[in-house]
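I opened this entry to keep track of what I looked up.

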Amino acid sequence: MFKGRPGQRFKDRYAEARKSRADASWAQRARRGLRLLLALVAIVIAVMLMFIPGPAVLFYFFAGTLLASESLYVARLLDWIEVRLRASWKWGKGHWGRTPAWGRATLVTLVVCLSATSTYLSYRLIAR
């Protein structure tokens, strides 16, 4: 899925893009502009979806991956986030396996209820 090692892959992508910009043809510059436009559209969609739990995160991640080849700051931020998310995922996976079935069912029910409540409240706020 992703090339490179965690904590370094987005910086590597930025470095490759920076090298290729030196002798870029008009087609490569057009692709770069399209990438920036797509990132902007993804950010706008994410801001609009921010009140619905879940989908906005995917659009922010998509925009971030597009911008990582243009900005070293974004590349470093995404590498930092990736390392922490992987550690959190590993921790959660270990705890999930040790949690009894009733605990898992309770946690899933709680997450569904919180998601439904926040969706309803967001709808009520927007529908005014």
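**Entry 1: salt bridges**

I looked up Arg 35 and Glu 70 to begin with. Their side chains meet in a salt bridge, at 3.2 Å from N to O. I then checked the cover on each partner. Arg 35 counts as partly exposed, at 25% relative accessibility. Glu 70 counts as buried, at 15%.

How many salt bridges does the structure hold? I noted three.

Next I took Arg 9. It forms a salt bridge with Glu 82, and the closest N and O atoms are 2.8 Å apart. Arg 9 lies in helix 1 (residues 9-21) and Glu 82 in helix 4 (residues 72-98), so this pair ties together parts that are 73 residues apart in sequence. Are the two partners buried or exposed? Arg 9 is buried, with a relative accessible area of 7%. Glu 82 is buried too, with 11%.

Glu 82 has a further partner. Its side chain meets that of Arg 86 in a salt bridge, at 3.3 Å from N to O. Both residues lie in helix 4, four residues apart, which is about one turn of the helix. Arg 86 counts as partly exposed, at 45% relative accessibility. I wrote the three residues down together: Arg 9, Glu 82 and Arg 86 are linked in a network of salt bridges.

Side chains of opposite charge can pair when their charged atoms come close.

**Entry 2: helix 2 and the nonpolar patch**

I moved on to helix 2, residues 26-49. Helix 2 has 24 residues. From its first C-alpha to its last it reaches 34 Å, close to the 34 Å expected at 1.5 Å a residue.

Which residues make the nonpolar surface patch? I listed Leu 34, Leu 37, Leu 38, Leu 40, Val 41, Val 44, Met 48 and Phe 62. The patch covers about 750 Å². Helix 2 gives the largest share, seven residues. I picked out Met 48, which is found in helix 2. Met 48 is exposed, with a relative accessible area of 58%, so it passes the over 50% cut-off.

I then looked for residues of helix 2 that are covered. Ala 39, Ala 42 and Ala 46 are buried there. What covers the buried residues of helix 2 includes helix 3 (55-68).

**Entry 3: helix 3**

That sent me to helix 3. Helix 3 has 14 residues and reaches 20 Å from first C-alpha to last, close to the 20 Å expected at 1.5 Å a residue. Which residues of helix 3 are buried? They are Ala 56, Ala 63, Gly 64, Thr 65, Leu 66 and Ala 68.

I looked up Leu 72 in helix 4. Leu 72 counts as partly exposed, at 29% relative accessibility. Leaving aside neighbours within four places in sequence, Leu 72 is in contact with Lys 11 and Tyr 14. I also took a distance from Leu 72 to Tyr 123. Their C-alpha atoms are separated by 37 Å, and the two residues are 51 residues apart along the chain.

Ser 115 came next. Its place is in helix 5 (residues 101-127). Ser 115 counts as partly exposed, at 30% relative accessibility. I took its distance to Ala 27: the C-alpha atoms are separated by 44 Å, with the residues 88 apart along the chain.

**Entry 4: confidence**

I closed with pLDDT. The mean for the chain is 83, and 91% of the residues reach 70 or more. Where in the chain is confidence lowest, and where is it highest? It is lowest in helix 1, at a mean of 78, and highest in helix 4, at 89. Where pLDDT is low, the predicted coordinates should not be read in detail.

Note on methods
Residues numbered from 1 in each chain as written. Predicted model: local features only at pLDDT ≥ 70, side-chain atom pairs only at ≥ 80, totals over all residues. Heavy atoms only, no water. Patch = residues over 30% accessible without salt bridge, like charges linked within 9 Å, V, L, I, M, F, W, Y side chains within 5 Å. Areas by Shrake-Rupley, 256 points an atom, 1.4 Å probe, with all protein chains shown as cover. Salt bridge = Lys/Arg side-chain N within 4 Å of Asp/Glu carboxyl O. Helix = DSSP H or I, 4+ residues; strand = E, 2+ residues; numbered from the N terminus. Buried < 20%, exposed > 50% of the residue type's maximum accessible area, 1.4 Å probe, protein only. Expected span 1.5 Å × (residues − 1). Contact = heavy atoms within 4.5 Å. pLDDT = per-residue confidence, 0-100.
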